[in-house]
Amino acid sequence: MTLQQKLDSNQFVVCGEITPPQSCDGNVIRDKSRHFKGFVDALNITDNQRAIVRLSSISSAKILLDEGIEPIIQMTCRDRNRLAIQSDLLGAAALGIRNVLCLTGDHQTFGDQPEAKGVFDLDSIQLIAAVATMNSGFLLSGSEMKKPPEFLIGAAANPFAVPFEMRLIRLHKKIAAGARFIQTQAVFDLGIFTRWMERAVEMGFHEKAAILPGVMPVRSAKTLLWMREKLPGMRIPAEYFTG
């Protein structure tokens with residue numbers, strides 16, 4: 001079964017994530033994929049995560065397909081205008097890639113080339129709507145396609161950002177634009193996440209899109225400290241660092 005079929009039938013779904021290498025070595029993806037095969041339903045491939053140049057999400061996803069693993073490409077607004085976004089999405093669909101997670105993208109100043117110019121022609125909500133438009137058979141220009149893609153559209157949510165209610169409003173807009181699955185920021189503060197999830201259920205979001213909470217195994221307290229200080233939007237309570 002595909003990821004979409006599993007979500008449509010309300011099955012429990014587990015997704016993993018792979019960060020591509022800072023090189024053209026496709027064997028890195030192949031080697032990493034073997035740790036996930038048989039254990040996850042799909043694998044996310046990050047798109048220049050933290051604004052650092054890496055092997056492209058789409059090419060990495062094609063390697064996963066060849067390895068028998070269903071990929072979820074990530075598409076950010078930071079690096080492409082609407083022309084490049086639509087072109088890349090058509091290319092991904094032609095390669096057999098069917099899942100896309102639509103993201104704003106970490107700001108370029110967080111990366112190792114802060115002088116790079118961000119594009120942000122579309123925001124993440126507009127990107128979701130653009131993919132939905134393409135699914136319906138049209139480009140953003142209004143031109144009709146002879147063969148449209150059939151993407152399962154995903155979006156990200158951060159229950160821990162403030163103001164709290166604004167995150168729910170943005171989630172509503174993303175689902176209304178066409179998102180059919182939601183992947184959240186890694187959950188370390190269960191209290192806030194529970195409150196956010198309760199509000200999402202009250203508003204009926206779970207009936208329109210599958211909500212997949214983020215889970216992140218960590219190796220050490222040092223890693224937690226780094227994430228708390230360096231990763232935008234990450235909330236890790238102080239209790240994790242007390243004996």
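1. Elements and numbering. Helices (H or I, at least four residues) and strands (E, at least two) are DSSP runs, numbered from the N terminus. Residues are numbered from 1 along each chain as its sequence is written, and side-chain values use heavy atoms, with hydrogens and water left out. This is a predicted model, in which local features need pLDDT of at least 70 and side-chain atom pairs count only at pLDDT 80 or more, whereas totals for chains, interfaces and linings use all residues.

2. Asparagine 10. This residue lies in the loop between helix H1 (3–8) and strand S1 (15–18), and asparagine 10 has a positive phi of about 60 degrees although it is not a glycine. Its relative accessibility is 71%, so asparagine 10 counts as exposed (buried means under 20% relative accessible area, exposed over 50%, and partly exposed in between, with a 1.4 Å probe and protein chains only). As background to this point and to some that follow, most residues other than glycine have a negative phi, and most peptide bonds are trans.

3. Phenylalanine 120. A positive phi, here of about 50 degrees, is also found at phenylalanine 120, again not a glycine, in the loop between strand S4 (99–103) and helix H5 (124–135). With a relative accessible area of 31%, phenylalanine 120 is partly exposed. Not counting residues up to four places away in sequence, phenylalanine 120 touches Cys77, Arg78, Thr104, Gly105, His107 and Gln108, where contact means heavy atoms within 4.5 Å. Phenylalanine 120 and asparagine 81 are separated by 39 residues in sequence, while their C-alpha atoms are 6.9 Å apart.

4. The cis peptide bond. Valine 162 and proline 163 are joined by a cis peptide bond, with omega about 0 degrees, and proline 163 belongs to the loop between strand S5 (152–157) and H6.

5. Helices H6 and H7. The axes of helix H6 (residues 164–177) and helix H7 (residues 190–202) come within 11 Å and cross at roughly 45 degrees; axes are lines fitted to C-alpha atoms, for helices over the stretch in contact, and angles run from 0 to 180 degrees between N-to-C directions. H6 and H7 are therefore oblique to each other (angles under 35 degrees count as roughly parallel, over 145 as roughly antiparallel, 65 to 115 as roughly perpendicular and the rest as oblique). The contact involves Phe164, Glu165, Arg167, Leu168 and Leu171 of H6 together with Ile192, Arg195, Trp196, Arg199 and Ala200 of H7. By class, the residues of this contact of H6 with H7 are 6 nonpolar, no polar and 4 charged (Ala, Val, Leu, Ile, Met, Phe, Trp, Tyr, Cys and Pro count as nonpolar, Asp, Glu, Lys and Arg as charged, and the others, Gly among them, as polar).

6. Helices H4 and H5. H4 and H5 pack at an angle of about 50 degrees, their axes being 11 Å apart, and are therefore oblique to each other. On the H4 side the contact is made by Ile85, Gln86, Leu89 and Leu90, and on the H5 side by Leu127, Val131 and Met134. The contact of H4 with H5 has 6 nonpolar residues, 1 polar and no charged.

7. Nonpolar cores. A nonpolar core is a set of buried Ala, Val, Leu, Ile, Met, Phe, Trp, Tyr and Cys residues joined through side-chain atoms within 4.5 Å. Which members of the largest core touch the most other members? Of its 39 residues, these are Leu89 and Ile182. Elements giving two or more residues to this core include helix H3 (57–66), strand S3 (71–76) and helix H4 (82–94), while its largest share, 6 residues, comes from H5. Leucine 89 touches Ile73, Met75, Val100, Val131, Met134 and Phe151, leaving out residues up to four places away in sequence.

8. Helix H3. The buried residues of H3 are Ser57, Ile58, Ser60, Ala61, Ile63 and Leu64, and they pack against S1, helix H2 (27–36), strand S2 (42–45), S3 and H4.

9. Glutamine 183. Located in strand S6 (residues 181–186), glutamine 183 has 12% relative accessibility and therefore counts as buried. Its contacts, neighbours within four places in sequence being set aside, include Cys15, Asn44, Ile72, Leu101 and Leu212.
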